[in-house]
Amino acid sequence: MKYLSTRGQAPELDFADVLLAGLASDGGLYCPDSVPPLPTLDDDDSYTQIAQKVMWPFVEGSIDQTDFNAMVEEAYASFATPEVCPVVDLGGGHFLLDLTQGPTLAFKDVALQLVGRPLDYELGRRGETNTVVAATSGDTGSAAIEALKNRANVRALVLHPLGRVSDVQRRQMTTVDADNIRNLALEGTFDDCQDIVKEAFNDPELRSAFGLAAVNSINWARVMAQIVYYVTAARRVAPDGGPVSFSVPTGNFGNILAGWYAKQMGVNIAQLVVASNRNDVLTRFFETGRLTGESVEPSLSPSMDIQISSNFERILWEASGRDGAAVEALLATFRAEGDVEVPAAWVGAIRADFVADRLSDEGTIAIIKETHDRLDLLVDPHTAVGISAAQRMRADNTIPMVTLATAAPAKFPDAVELATGVRPELPPFLSELFDRKEIFDVRAATVDDVADYLQSEFGHR
């Protein structure tokens, strides 16, 4: 398997080099040059066995298969249930795919518990040490830290927007005391944090000096690992191979993009529903055919408080017929002017696979309450947005609809308590989270400030 940049100018790479590079040298994102068909799966395969089979074509030739299988097994042994991503029946053909059973209680664990292992493995094989710089809107940071802490060949700096993540999300990052981990709160939005990561990667001198690596969903390995739970959920709710639809709380577009790749591999997916909060740049795109940026407004679902969805570049590239130059020009206009009309043919191709909806904070509270009253089930605000979109956008009630539960309600206790009167508790292994000392620094949201901090904390590699 070779990987191509969405900007069309960077060299083709194999999986190991893509894993370490993260962002392509031309500023694009790497995608596989072809999408393999689903492998043969046995009825009694476990989640881990399915993961090993589904991901293997993407990594073959870069990592020894025995070593890779061991990494997958080790990654998912850290989850609270052998099912890894269990499915809950909400009634009426609507299901919840529970992605919150990992060590930080969010869907990011499913990918990052795996990605941290081959990253460390490949660096060790090459005798190198790299510095992961990750931007987070809440959940990626803690999942990355959990996956990378105390690893021999990786250092990590996690950037989060000051005051724009929940207290639980922040503390899951800032209370980890490991020599190879640093946290920075930047005075800006998640989009600012994400822009700084991209700017750093696009600076050859900075990239080389610190050996920069990425574990945000700009890294293809993240998307690859997320494909698996679309396969397992579809097998669970439609064992005869019939069509299944998915509703996905969406910020950076990586999670739902994995569903699109699952469909290309052969999963029988009828609808992919993009569920947005008040920061609805993606919903506006589906309504107007334009990318129009607005200011980010804080919401009850902060991990979706995004106006520049990095992974949308991958679907634009696919819809354009893989025209890297055209994608680069369109995104340059969007960055410069904050508004761009997407070619009608691209819009039509994307609309063929996706629909979109939005939900206000008031609507989010109402869905959390309704779900609790009807099912005695607590859901977090992001999952509530997904449930609402599933209900409103479902095209065919005879086709099972699966909403992705992306975070545990205990990560957002204030919103859940406001809606239901019930304050969800953290699991026992996190019960002392609010007693632990926080370790983080605050800086301006500029690449120079972040580079200076990297130098002071880690020095050059």
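Visitor: Which residue in β7 does V158 stand opposite?

Guide: V158 stands opposite N183 in β7. Bear in mind throughout that this is a predicted model.

Visitor: How should I read a pairing of that kind, and what is the sense of the pairing between β6 and β7?

Guide: Strands of a sheet pair through backbone hydrogen bonds, either parallel or antiparallel. Here strand β6 (residues 154-161) pairs with strand β7 (residues 181-187) in the parallel sense, over 6 bridges. Another facing pair is P161 with L186 in β7.

Visitor: In what order do the strands of the sheet lie?

Guide: The order is β8-β5-β6-β7-β15, with 5 strands forming an open sheet and the pairing parallel. At the edges stand β8 (212-213) and β15 (441-444); each has a single partner strand, so one side of each lacks a neighbour in the sheet.

Visitor: How many residues of β7 are buried?

Guide: Buried residues make up 5 of the 7 in β7, so that strand is largely enclosed by the rest of the structure.

Visitor: Which strands does helix α5 lie across?

Guide: Helix α5 (residues 139-148) lies across β5 (130-135), β6 and β7, and runs at about 165° to β6. Helix α18 (residues 447-458) also packs on the sheet, where it touches β5, β6, β7, β8 and β15. The direction of α18 makes about 155° with that of β7.

Visitor: Is F253, another residue with a positive phi, buried or exposed?

Guide: F253 is buried, at a relative accessible area of 1%. Its phi is about 75°, and F253 is not a glycine either. F253 lies in the loop between β9 (244-249) and α10.

Visitor: What else lies in that loop, and what does T250 touch?

Guide: T250 lies in the loop between β9 and α10. T250 is buried, with a relative accessible area of 5%. Leaving aside neighbours within four places in sequence, T250 is in contact with I256, V274, A275, S276, L282 and M304. As for sequence against space, T250 and M401 are 151 residues apart along the chain and 16 Å apart from C-alpha to C-alpha.

Visitor: Which way do the residues of β9 point?

Guide: V244, F246 and V248 point one way from β9, while S245, S247 and P249 point the other way, and all are buried. β9 pairs with strand β10 (residues 269-276) in the parallel sense over 5 bridges. In that pairing S247 stands opposite V273 in β10.

Visitor: On to helices. At what angle do α9 and α10 pack?

Guide: Two packed helices are described by the angle between their axes and the distance between the axes. For helix α9 (residues 220-237) and helix α10 (residues 254-265), the angle is about 65° and the axes are 8 Å apart. α9 passes α10 in a right-handed crossing.

Visitor: Which residues of α9 and α10 meet?

Guide: An α-helix has 3.6 residues a turn, so residues three or four places apart point the same way. On the α9 side the contact involves W220, V223, Q226, I227, Y229 and Y230. On the α10 side are G254, N255, I256, L257, A258, G259, Y261, A262 and M265. By class, this contact of α9 with α10 has 11 nonpolar, 4 polar and no charged residues.

Visitor: How many residues does α9 have, and how far does the helix reach?

Guide: α9 has 18 residues and reaches 27 Å from its first C-alpha to its last, close to the 26 Å expected at 1.5 Å a residue. Of the 18 residues of α9, 16 are buried, so the helix is largely enclosed by the rest of the structure.

Visitor: Last, where is W56 placed?

Guide: W56 is in helix α2 (residues 47-59). At 14% relative accessibility, W56 counts as buried, because the cut-off for buried is under 20%. Not counting residues up to four places away in sequence, W56 touches I63, D64, Q65 and F68. W56 and P36 are 20 residues apart in sequence and 9.9 Å apart in space, C-alpha to C-alpha.

Note on methods:
Residues numbered from 1 in each chain as written. Predicted model: local features only at pLDDT ≥ 70, side-chain atom pairs only at ≥ 80, totals over all residues. Heavy atoms only, no water. Axes fitted to C-alpha atoms, helices over the stretch in contact; angles between N-to-C directions. Helix = DSSP H or I, 4+ residues; strand = E, 2+ residues; numbered from the N terminus. Left-handed = near helix turned anticlockwise from the far one by under 90°. Contact = heavy atoms within 4.5 Å. Nonpolar A, V, L, I, M, F, W, Y, C, P; charged D, E, K, R; others polar. Expected span 1.5 Å × (residues − 1). Buried < 20%, exposed > 50% of the residue type's maximum accessible area, 1.4 Å probe, protein only. Pairing = 2+ DSSP bridges.
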